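Hi there,

Here is the structure I promised to pass on. My notes on what turned up in it follow below.

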Amino acid sequence: MNICVIGTGYVGLVTGTVFAELGNEVVCVDNVAEKIENLNRRKLPIYEPGLQELVERNHNEGRLKFSTDAKSAVEFSEIIFICVGTPSSDSGETDLSAVEAVAKLIAKHMNGYKIVVNKSTVPVGTGDLVRNIINKHCVDGHKFDVVSNPEFLREGQAVNDALNPDRIIIGASEKQVAYRLLELYSSLQAPMIITDVYSAEIIKYASNSFLAMKISFINAVADLCEMVGADVEDVANGVGRDPRIGVDFLNSGLGFGGSCFPKDVKSLLHTSGKLGYDFNLLKNVLEINEGRVDRFTSLIRRRFPDMKGKTFAVLGLAFKPNTDDMRDAKSVEVINDLLKGGAVIRAFDPVAMPAAQKVLPSITYCQTAYEACNGADALLLITEWREFKLLNLEKIKQTMKNPVIFDGRNMYNPERKKRLGFEYFGLGRKFSNHMPEKGK
Ligand code: UDX
């Protein structure tokens, strides 16, 4: 099939590339000329494992093209995917201006029947908005359908998620339109759910909000564990073994960040409010999450009441492992808080340092985790990259001023680290230095 993907951010680039990989002719469009020039030189705007090879192969073989020419791309395609950003304001309201602009663009360049698919995460009712805009701006009266096909890929595993989705959701007003879109996905082994547009739009927000709720829930339980000297990792394991609950997304620590969860929970809360429903549960999810950094830095403050001149080795800057994305990264909040106290920061992240330099210009960036820890008063684990689990901490201990670990992701085993001679501080972990000696 001939496909056009408008917006070459995370979702657009991965979606377009994977559709090309599945044998379709794909044009990815963006209005940022530099991005398109770079993509044509196979220089990707993001770090995503496996994506570079896939882009190169499909670009070489001519199935994947990058262009700023929206007119030709729309004319060429039967199916047009809208994959532009939908940021939210402080109130949680979603900024749909990019979606609106793309809808106008499509209307202007339509030369026949098109299926317009919304893959951007958008509040319920946006399908109607897109349809109205196209109706208003399409001068030639061409027929079209608007479909919602939310994307569930995770950064860091986006290629795998797109090739092996848990489910494919198609929200359409006509079954035949949904079936046409399903043909695109027919070679993927995944449950396919056909529904109406509103339900598909809500599925995306409800999924992300539910996952965020799991994280805040376990973080609240971690606080409870702290009070009695219980271990939140054991509790999460015990709770998660119930298949109705599941062990995933029960990792306690600094809480959720990134470009989706904080924004999507706020957006669902805002939409609910507009519809007259007070979704208090989601307010709590956000409140718990917003308190996590404070909880972490207060542990550091308690151990180092005078931070002035203290050196902290920060391991991990990206909002989560396997990405260079710094959006809503907890590292920024933690580091800014410590800098305010007069601390010196030596940081290392396997891939996010170039991106981090833009938001954290006044810290020292190191070439390795070992270099960051050299002479440090404490090690702060902020992003749980696998390589940090494999570090030789005995070697690190020799070079640190004080052998102290603050584990923001509960990645290390407290007992083992203490046996190595470290002071260990985790969030809701038994044997953490600040925990009561109860619950043995
Ligand atoms: C999320 C959804 O998982 C994905 O389906 C959707 O399409 C986009 O939003 P992403 O933002 O890439 O994906 O990251 P994810 O792996 O879900 O993690 C989100 C945040 O939650 C990260 O900050 C992560 O550190 C945190 N998290 C995750 C926890 O704190 N504990 C957990 O148990 C899991």
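With K204 the side chain takes part: one of its polar atoms is 3.1 Å from a ligand oxygen atom. On its own the ligand exposes 660 Å², and the protein buries 93% of that (accessible areas are from the Shrake-Rupley method with a 1.4 Å probe; for residues, only the protein chains shown count as cover). The ligand is surrounded by 19 residues, the closest being F152, L153, E155, N251 and K320 (a residue counts if one of its heavy atoms lies within 4 Å).

**The domains**

The chain is split into domain 1 (2-195), domain 2 (204-290) and domain 3 (292-425), with bounds from an automatic or database domain assignment. The centres of domain 1 and domain 2, taken over C-alpha atoms, are 29 Å apart. Domain 1 brings 16 residues to their contact and domain 2 brings 10 residues (heavy atoms within 4.5 Å).

What area is buried between domain 1 and domain 2? The value is about 1,100 Å², with carbon and sulfur atoms giving 55% (accessible area, 1.4 Å probe, lost by two parts on being put together, summed over both).

**How the numbers were made**

Residues are numbered from 1 along each chain as its sequence is written, and side-chain values use heavy atoms, leaving out hydrogens and water. As this is a predicted model, local features need pLDDT of at least 70 and side-chain atom pairs count only at pLDDT 80 or more, while totals for chains, interfaces and linings use all residues.

Best wishes

Note on methods. Polar contact = N/O pair within 3.5 Å; in protein donor to acceptor, adjacent residues only side chain to side chain.
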